[in-house]
Amino acid sequence: MSRNEFICDCNVIHQDIVDSTKKSLPEEDIFNKLAEFFKILGDTTRVKILFALDKNEMCVCDIANVLGMSKSSISHQLGTLRRSGIVKCRKSGKEVFYTLDDEHVQQVFEVGVEHIEHRK
C-alpha cells in the first residue's frame with residue numbers, strides 16, 4: 001500500500017457538499033469546548049474513574065480502593081472531571097458521592113468502550 005494511496009488526486013470541488021457542510025459548522029467556541037472535553041478524557045486514570053462511575057455511584061474512598069490509588073490522587077482527578085462537567089457529586093453527611101454528570105457523558109463513554117472492544 002503506497003503512502004499516497006489515500007491522498008485525493010483530483011481537483012473537483014463538490015460545491016453542494018462544501019456549502020452544506022459550511023452551513024452546518026457551529027461557532028468556534030463549540031469546537032474549543034469539544035476539544036477540551038475529549039482532552040479531559042485523554043487520561044488513563046480519569047478514564048478508569050469514569051469506568052467505575054459508569055457502573056456505580058461511588059465515594060472517593062471506594063474509587064481509590066477499586067483503582068489501587070491514593071484518595072488524594074483520585075480527589076485531584078475528580079476535581080478536574082467535575083470542573084469540566086463530566087462528573088457531578090452529592091454530599092450525604094460527611095461522604096461525597098460521585099456519578100457521571102448526565103446520560104450524554106454516559107453515552108459518549110459507553111460508545112467509546114464499545115468501539116474499542118469491537119475493534120479487538
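**Figure 1. Overall view of the protein chain.** The model shown is predicted. Of its 120 residues, 23% count as buried. The C-alpha atoms occupy a box of roughly 65 × 35 × 20 Å along the principal axes. The radius of gyration of the protein chain is 20 Å, whereas a compact globule of 120 residues would have one near 14 Å. Among contacts between residues at least 6 apart in sequence, 50% join residues at least 24 apart.

**Figure 2. Secondary structure along the protein chain.** Six helices and three strands make up the secondary structure. Their order along the sequence follows the pattern α-α-α-β-α-α-β-β-α.

**Figure 3. The three-stranded sheet and helix α3.** The three strands form an open sheet in the order β1-β3-β2, with antiparallel pairing. The edge strands, β1 (58–59) and β2 (87–92), each pair on one side only. Helix α3 lies across β1, β2 and β3, and runs at about 95° to β3.

Figure 4. Strands β2 and β3 (residues 95–100) run antiparallel and are joined by six bridges. Arg90 has Phe97 of β3 as its bridge partner, while Ser92 stands opposite Glu95 in β3. Two residues lie between the strands of this hairpin, and Gly93 takes a positive phi near 65°. In a regular strand, side chains alternate between the two faces of the sheet.

**Figure 5. The aromatic pair of Phe37 and Phe38.** Two aromatic pairs are present in the structure. One of them is formed by Phe37 and Phe38, whose rings lie 5.3 Å apart, centre to centre. The angle between their planes is 80°, and the pair is edge-to-face. Phe38 counts as partly exposed because its relative accessibility is 47%.

**Figure 6. The aromatic pair of Phe51 and Phe109.** Phe51 and Phe109 also form an edge-to-face pair, with 6.3 Å centre to centre and 65° between the planes. Phe51 belongs to helix α3 (residues 44–55) and Phe109 to helix α6 (residues 103–118), so the pair ties together parts that are 58 residues apart in sequence. With a relative accessible area of 40%, Phe51 is partly exposed. Phe109, at 11% relative accessibility, counts as buried, because buried means under 20% relative accessible area.

Terms used
Residues numbered from 1 in each chain as written. Predicted model: local features only at pLDDT ≥ 70, side-chain atom pairs only at ≥ 80, totals over all residues. Heavy atoms only, no water. Phe/Tyr/Trp six-rings, centres within 6.5 Å; stacked < 30°, edge-to-face > 60°. Buried < 20%, exposed > 50% of the residue type's maximum accessible area, 1.4 Å probe, protein only. Helix = DSSP H or I, 4+ residues; strand = E, 2+ residues; numbered from the N terminus. Pairing = 2+ DSSP bridges. Contact = heavy atoms within 4.5 Å. Axes fitted to C-alpha atoms, helices over the stretch in contact; angles between N-to-C directions. Rg over C-alpha atoms; globule rule 2.2 N^0.38 Å.
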